[in-house]
Amino acid sequence: MERQARRLERVAHAQAPTGMPSQAEVEDAVRTMIRWAGDDPARDGLRETPDRVARAFREFFSGYTQDPTEILQKTFEEIEGYDEMIVLRGVRFESHCEHHMAPIVGRAWVAYIPEGRVVGISKLARVVDIYAKRLQIQEKMTAQIANSINDVLKPQGVGVIIKATHHCMTTRGAHKPGTDLVTSRMLGVFRDNALTRQELLGLANSDD
């Protein structure tokens, strides 16, 4: 039953959008990489690996097919004048670095101060995921999340803090496990007001 479902999925994705490789081409590329690594893609344990990898990559990089602006469009204006900080803390995400395609695993703190309207909190988490599910560097991802929220909601300010472990440094290269990278993007009152910025930084650090 599972094999049949996978065959149907392969057929459904056989015709890729113009300019994109097909499922079959991706599977052939995986077989080439397996041979390059020194193994035989035809042996029992690896026979279905190309299909599994292709499907996994479709999930890993699904952010390319989603629009964060569309996600943030639905807002609520009945907020009784609420104009204090809104913070979604510790949003876990998985991404892949664009240099080695190695995993980036971390958490994001997303904050904004509304200007007459708010967005559902799940939408903030979805924006994080949309940008995470692309080939990334953490600095760019941090800016993209903050800029999207700022451009669509037009709040008084936006603050985004990301803490993540990069497997391109912990499992290869420098081999420095136990380290993480911290980045932030502050816009509006989070950039201009030191007390507001410190409040957000304190909330992020209290989760460590």
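Author: A nonpolar core is a set of buried Ala, Val, Leu, Ile, Met, Phe, Trp, Tyr and Cys residues joined through side-chain atoms within 4.5 Å. The model discussed here is predicted.

Reader: Which residues have the most contacts inside the largest nonpolar core?

Author: The largest such core has 33 residues. Two of its members have the most contacts inside it: Phe93 and Ile145.

Reader: What does Ile145 touch beyond four places away in sequence?

Author: Residues up to four places away are not counted here. Contact means heavy atoms within 4.5 Å. On that basis, the partners of Ile145 are Val110, Val127, Val128, Tyr131, Val160 and Ile162.

Reader: How many residues are in the other core, which includes Phe190 and Leu200?

Author: This core lies apart from the largest one. Ala111 and Ile113 are also among its members. Its residue count is 9.

Reader: What share of the residues in the protein chain is buried?

Author: Buried means under 20% relative accessible area. The protein chain has 208 residues. The buried share is 38%.

Reader: What percentage of contacts between residues at least 6 apart join residues at least 24 apart?

Author: The chain has 9 helices and 7 strands. Contacts between residues at least 6 apart in sequence form the basis of the count. Those joining residues at least 24 apart make up 69%.

Reader: How far apart are the centres of the positive and negative side chains?

Author: There are 28 positive and 29 negative side chains. The centres of the two sets are separated by 6 Å.

Methods
Residues are numbered from 1 along each chain as its sequence is written. This is a predicted model: local features need pLDDT of at least 70, side-chain atom pairs count only at pLDDT 80 or more; totals for chains, interfaces and linings use all residues. Side-chain values use heavy atoms; hydrogens and water are left out. Buried means under 20% relative accessible area, exposed over 50%, partly exposed in between (1.4 Å probe, protein chains only). Helices (H or I, at least four residues) and strands (E, at least two) are DSSP runs, numbered from the N terminus. Lys and Arg count as positive and Asp and Glu as negative; His and the chain ends are not counted. The place of a charge is taken as NZ of Lys, CZ of Arg, CG of Asp or CD of Glu.
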